[in-house]
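Subject: A structure for you to look at

Hi there,

Here is the structure I promised to pass on. Have a look at it first, and then read my notes below.

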Amino acid sequence: MLNKFPLWKNILVATVVALGLIYASPNLFPDDPALQISHENREVTDIDLGMATDALRAAGIEYFGDELTDLGGLIRFYSLDDQLRAKSTIEQNLEGDYIVALNLAPTTPGFLQAVGAGKMNLGLDLQGGVHFLMEVDMETAQRRRMENTMNSIRQELRNERIRSRNLSLENINLIEARFEDEESRSQARTLIRENFADLQVIAREQGGDYLLEMSLTAEDLDQMRQDTVTANQTSIRNRVDSLGVAEPVVQQQGPNRIVVELPGVQDTAQAKRILQRIATLQFHLEAEPGAPTTSYETYEYQGQRVNVDNTVILQGDRISNVRSALDQYGQPQVVINLDAQGGQQFNRVTRENIGNLMDILLIETRTRTVFEEDADGNVVERQETYEERRLISHAVIRAALGREFVITGLSQQEANDLSLLIRSGALAAPMYFIEERTVGPSLGAENIEQGSRAVMLGYLLVLSFMLYYYRLFGLAANIALVINVVLLVSIMSIISATLTLPGIFGIVLTIGMAVDANVLIFTRIREEIVSGLSPQNAISAGFDRAFSTIVDANLTTFLVAMVLFSVGTGPVKGFAVTLMVGIMTSMFSAIMVTRFIVNLMYGGRKVDKLSIGPFIKAAEAQG
């Protein structure tokens, strides 16, 4: 029978539309401003959440919901102002290694979350997200650079058997070397100038000692600072990419600051933890019984006290690759690969110490917020860096180890975090947050509102034109057009794509292409009626014969979108994704959904004429 889908096609269309409505509907529920509270070393409990809410009530800050989630404690607020005030209040009242992070809490109903339905991510130019302004600790970076240089100079002097009385770092840009005689100083000066061209060397005498003062030149100091910021920016970008944030912004601001913008993030506490931490590993042997107390440090490991020898048998900079995995029993582990030199060194040490205990230290440089009173008695906020050392492995060396080995005994999150931090590259210098806020649309609320009105106006004009020009068939096209947008939004939500302003341009283009396909079909139906076919045959012929033209037109556009996606970045790639998804949904809506609706109106019954526009009567008269 003409213009009647088989049952399976009807079920297919109805199922796709129903699923599209389900997975697009979470976008109707706006997010709530919220604070996410987590702890560095343990899970957040009801007691922690109660302390936070008590502080809010004491400060007179309104909130309307608090709960414990897998990510920690979550407190919801009515406005962004309350959210920002609450963050400062909670940080002052919670002592310890707590992380209080700005967040946007989803309001998607539970039954939608149960089927995996979530919101489409919006870019910073539409929805906003979290904005971090981080500052590089240049003083620490410069001190590390000079300490490394000083150690290298000491090694070179030993190799050349040049004796010095003392070699010390007087300040962050001054290394001082003392010699007994002028000849030793002259030899050292020649050696340093040959091997350390970036140092400015000055000779002088003091109290019978012959001194060399070494410092970086102004040009090298500026270059060092720029290299440090660039290295940190690269590491931060790698870490953001590992978090899976779509279309992030990581860029330098000023001489020593980096801006990080994360659109649509849900776990901002995890983002802060990963962005800020500096992690490295050190490998040691356990101290021998009776060793001097100055030769080891004591750490806690699984309820026991372990004496770790101070001698480092392998530094973390010899690690070439690291990944988290599961062992044969399903337990988390970290697989570590060393470079060639590190592998040889590790193999030699472990071969000589089979049966002894080896310890692995995780060394992290972190920052914390400290509240102090200034001279006027006002409470001021200050960031300070501190180093935390933790013993993460204490195991017997069973055999000589090579370039690859595993670390066990970690939780799944610890294994993931450790592999991510080392794989993304260590920060060249510590960084701390000097600003954190949620950001609104960068185009401004007024511009976005006007843009939305313009899109809606254009959409209504298209609907009105189709309804006027094609009558009942125009109504079918309009319904299919609405379903097309629903399907596009649902697919973008399912694949966790980020919608930006260029993406909206892609949606507008998709709407035009979907209408264009319907125009081709309806025009073909008119032509078939003019040529003498019956209404039912004209409908069937119109859809069938316009199909190839529609496919050709959309295929060429799809190929162009693929090229844009492969070579573009940022907004261009967002536009390409929206366009590709829109082409697929418009093909389905224009061909399948429109045909489905037309079949419901005309299929399987006798039809004398079609409501397909004001010119159909003239066409019938000619026939």
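**What I found**

Glu176 is buried, with a relative accessible area of 7% (buried means under 20% relative accessible area, exposed over 50%, and partly exposed in between, with a 1.4 Å probe and protein chains only). Before going on, please note that this is a predicted model, where local features need pLDDT of at least 70, side-chain atom pairs count only at pLDDT 80 or more, and totals for chains, interfaces and linings use all residues. Residues are numbered from 1 along each chain as its sequence is written, and side-chain values use heavy atoms, leaving out hydrogens and water.

What does Glu176 meet in a salt bridge? The partner is Arg204, at 3.9 Å from N to O (a salt bridge is a side-chain nitrogen of Lys or Arg within 4 Å of a carboxyl oxygen of Asp or Glu). This pair links distant parts of the chain, since Arg204 is in strand S9 and Glu176 in strand S8, 28 residues apart. Arg204 is partly exposed, with a relative accessible area of 30%. Salt bridges that share partners join Arg165, Glu176, Arg178, Glu180, Arg204, Asp209 and Glu213 into one network.

Asp209 lies in strand S10 and Arg165 in the loop between H5 and S7, 44 residues apart. Asp209 is buried, with a relative accessible area of 11%. In total, the structure holds 22 salt bridges.

Now for the strands around these residues. Helices (H or I, at least four residues) and strands (E, at least two) are DSSP runs, numbered from the N terminus. Four strands form an open antiparallel sheet in the order S7-S8-S10-S9 (two strands pair if DSSP finds at least two bridges between them). Strand S7 (166-171) and strand S9 (199-206) stand at the edges with a single partner strand each, so one side of each is left without a neighbour in the sheet. From one strand to the next, the twist averages 25° (axes are lines fitted to C-alpha atoms, for helices over the stretch in contact, and angles run from 0 to 180 degrees between N-to-C directions). Strand S8 (residues 174-179) and strand S10 (residues 209-216) run antiparallel and are joined by five bridges. Helix H5 (residues 138-159) lies across S7, S8, S9 and S10, at about 170° to S7.

Elsewhere, strand S4 (residues 98-105) has eight of its eight residues buried. Eight bridges join S4 to strand S1 (residues 32-39), and the two run antiparallel. One example is Leu35, whose bridge partner in S4 is Leu102.

Last, which residues touch the most other members of the largest nonpolar core? Of its 51 residues, they are Phe473, Met492, Phe522, Ile525, Val598, Tyr602 and Leu610 (a nonpolar core is a set of buried Ala, Val, Leu, Ile, Met, Phe, Trp, Tyr and Cys residues joined through side-chain atoms within 4.5 Å). H11 gives the most to this core, with 14 residues. Not counting residues up to four places away in sequence, Tyr602 touches Leu472, Phe473, Gln536, Ile539, Val607, Lys609, Leu610 and Ser611 (contact means heavy atoms within 4.5 Å).

Enjoy exploring!
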